[in-house]
Amino acid sequence: MNATMIQFFHWYSDGDGKLYDEAAKAADYLKELGISAVWFPPAYKADGGGYSVGYDPYDLYDLGEFDQKGTIPTKYGTREQYIAACNRLQEKEISVIADIVLNHKAGGDEKEKFHAVRVNPENRQENISEPFEIESYTKFIFPGRGDQYSDFKWDFNCFSGVDYAEGEEPGIFQIIHDHGDGWEEMIDDEKGNYDYLMYNDIEHRNPFVREELNNWAVWYHNQIKFDGVRLDAVKHQSPKFYKEWLQLLRSNTGKNIFAVGEYWAPGELYLLEKYIEATEGCMSLFDSSLQHNFHQASLAGEHYDLRTIFDETLTQANPVLSVTVVDNHDTQPLQELEAPVEYWFKPLAYALILLRESGYPCIFYPDLFGGHYTDKDKEGNDQEIFLNKVEKIEELLKARQQFGYGAQRDYFEDANCLGWVREGDDEHPGCAVVLSNKEAYEKPMEMGSQYAGKNFYDFLGWFPEEVTIDENGWGVFPVPAGNVSVWVPKPDREIHS
């Protein structure tokens, strides 16, 4: 079976506490489509309570169990609903991917006084004040949970920086303590040092913090038996931390837990490669460069040279560690990293990640289920967004499971029309895929002599006519204008139920 992940949420997923129930009910449907892993949103209580997407984590041990931040459930449901959904998916042999946010904490319970220095937001290596005393919400005592599961309490020694100081103008304040001189070391010099991202930045050099986060990881695994992790904002955390954290998690659980990191650097492949080197290949990364190429190609239309679609991408440079996406919660309209792929191009993009041999594809919830939301645009006006289900997405997913196997041959000689074939293997027939960003085409391609005399039909249903493979193993495969076609062998005989 070809592995396929789904991000089972988006930024504007309904905040009615029903997402986990929805996932449990969808288990059979996902299994039918060949989905092998479900990536859930951050499941712990966040500063925004029942309204938060989850990336402002407050209490990692509260999976929707305690009355904190104005609610017991999270936006997605209760602890019981979460565990039930995970169990249901795993019963269907669908892996659970947990979203891990260990870069920062938000919503401290009490203020503390400590010394800090204000830094230049555009160059965090530049101090723009002398050290002075500030007061900020850095004390986390979790009054709703108490000491259940963990008695660890967070204070200013657990953080390297904050963005709030009582009575001061907003800014970035680097905390002065004994656990490290300056910011943690990053692999790039963006903004001087991009250790600080938001809220209370966790100080991973503090050995007590690392011990707590390592203990929590095992506790969390014991709750839902997750099979993989999606690591948030790894760009802003020392590679040393996650290398150690993952090693201990895998050792302590006895499982080779899959990991994919979010290092979002569109068009900067060298940074992804540098991070992989720094972490010694202990995790995969999302191919942000390929997503950027999809975005650009969808805007440029016929003027985009499709032969360059994989240029400077992780999928081309290191396919084993590449997780491919067409869109995600950060790139969707009205988000800070907004770079959506235009609707017309999405079937082409999905064919490029689902039906080729390189990369681990991750599809996006609204692309399979649709979506609708309203948010503020850059001018502060309400904007209504409709996200339509991607045309033929189910057929493309099924084609991946039934035909996306075997040796691959590319026919990338035309700037506006790409084609490739998969020869199949001992258990699966292969397929021929053609896509165009301009007019309709017919693409001659070699399927292989083993298919000589076989008739191929259009699995997506665009063409009623069949293609016959000649005695040399070649066929001429058409594609509609600005679309994709998938050609597969016609069964030798009809099977009737």
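Trainee: Where does Lys139 lie?
Mentor: This is a predicted model, and the answers are to be read with that in mind. Leaving aside neighbours within four places in sequence, Lys139 is in contact with Gly108, Asp109, Glu110, Glu112, Trp154 and Asp155. As for its secondary structure, Lys139 lies in strand β9.

Trainee: Is Lys139 buried, partly exposed or exposed?
Mentor: Buried would require a relative accessible area under 20%, and exposed one over 50%. Lys139 has 23%, so the class that applies is partly exposed.

Trainee: At what angle do α3 and α4 pack?
Mentor: Helix α3 covers residues 79-91 and helix α4 residues 207-224. Their axes are 9 Å apart, and the packing angle is about 70°.

Trainee: Which term describes that arrangement of α3 and α4?
Mentor: Angles of 65 to 115 degrees count as roughly perpendicular. The angle here is about 70°. Therefore α3 is, relative to α4, roughly perpendicular.

Trainee: Which residues of α4 meet α3, and how many residues of each class does the contact have?
Mentor: On the α3 side are Arg79, Tyr82, Ile83, Cys86 and Gln90, and they meet Tyr220, Gln223 and Ile224 in α4. By class, the contact has 5 nonpolar, 2 polar and 1 charged residues.

Trainee: Which residues have the most contacts inside the largest nonpolar core?
Mentor: That core has 128 residues. Tyr220, one of the residues in question, touches Ala43, Tyr44, Leu63, Tyr82, Ala98, Ile100 and Phe226, not counting residues up to four places away in sequence.

Trainee: How far apart are the end C-alpha atoms of α4, and what span should its 18 residues have?
Mentor: The expected span is 1.5 Å times one less than the number of residues. For the 18 residues of α4 that should be 26 Å, and the distance between the end C-alpha atoms agrees, at 26 Å.

Trainee: What do the buried residues of α4 pack against?
Mentor: The buried residues of α4 include Val209, Leu213, Trp216, Tyr220 and Ile224. The elements they pack against are α3, β5, β12 and α5.

Trainee: Which residues of α3 are buried?
Mentor: The cover over them includes α1, α2, β2, β5 and α4. In α1, Ala24 touches Ala85 and Arg88. The buried residues of α3 are Arg79, Gln81, Tyr82, Ile83, Ala85, Cys86 and Leu89.

Trainee: Is Phe226 buried or exposed?
Mentor: Phe226 lies in the loop between α4 and β13. Its contacts include Val96, Ala98, Leu249 and Ile257. With a relative accessible area of 1%, Phe226 falls under the 20% limit, so it is buried.

Trainee: What separation do the C-alpha atoms of Phe226 and Ser95 have?
Mentor: Phe226 and Ser95 are 131 residues apart along the chain. Their C-alpha atoms are separated by 7.2 Å.

Trainee: What is the phi of Phe142?
Mentor: Most residues other than glycine have a negative phi. Phe142, in the loop between β9 and β10, has a positive value. That phi is near 50°.

Trainee: What relative accessible area does Ala233 have?
Mentor: Ala233 lies in the loop between β13 and α5. Although not a glycine, Ala233 has a positive phi of about 55°. Ala233 is buried, and its relative accessible area is 5%.

Trainee: Which residues is Ala440 in contact with?
Mentor: Ala440 is in the loop between β22 and β23. Ala440 and Ala481 are 41 residues apart in sequence and 4.0 Å apart in space, C-alpha to C-alpha. Leaving aside neighbours within four places in sequence, the contacts of Ala440 are Val479, Pro480 and Ala481.

Methods:
Residues numbered from 1 in each chain as written. Predicted model: local features only at pLDDT ≥ 70, side-chain atom pairs only at ≥ 80, totals over all residues. Heavy atoms only, no water. Axes fitted to C-alpha atoms, helices over the stretch in contact; angles between N-to-C directions. Helix = DSSP H or I, 4+ residues; strand = E, 2+ residues; numbered from the N terminus. Parallel < 35°, antiparallel > 145°, perpendicular 65-115°, else oblique. Contact = heavy atoms within 4.5 Å. Nonpolar A, V, L, I, M, F, W, Y, C, P; charged D, E, K, R; others polar. Core = buried A, V, L, I, M, F, W, Y, C linked by side-chain atoms within 4.5 Å. Buried < 20%, exposed > 50% of the residue type's maximum accessible area, 1.4 Å probe, protein only.
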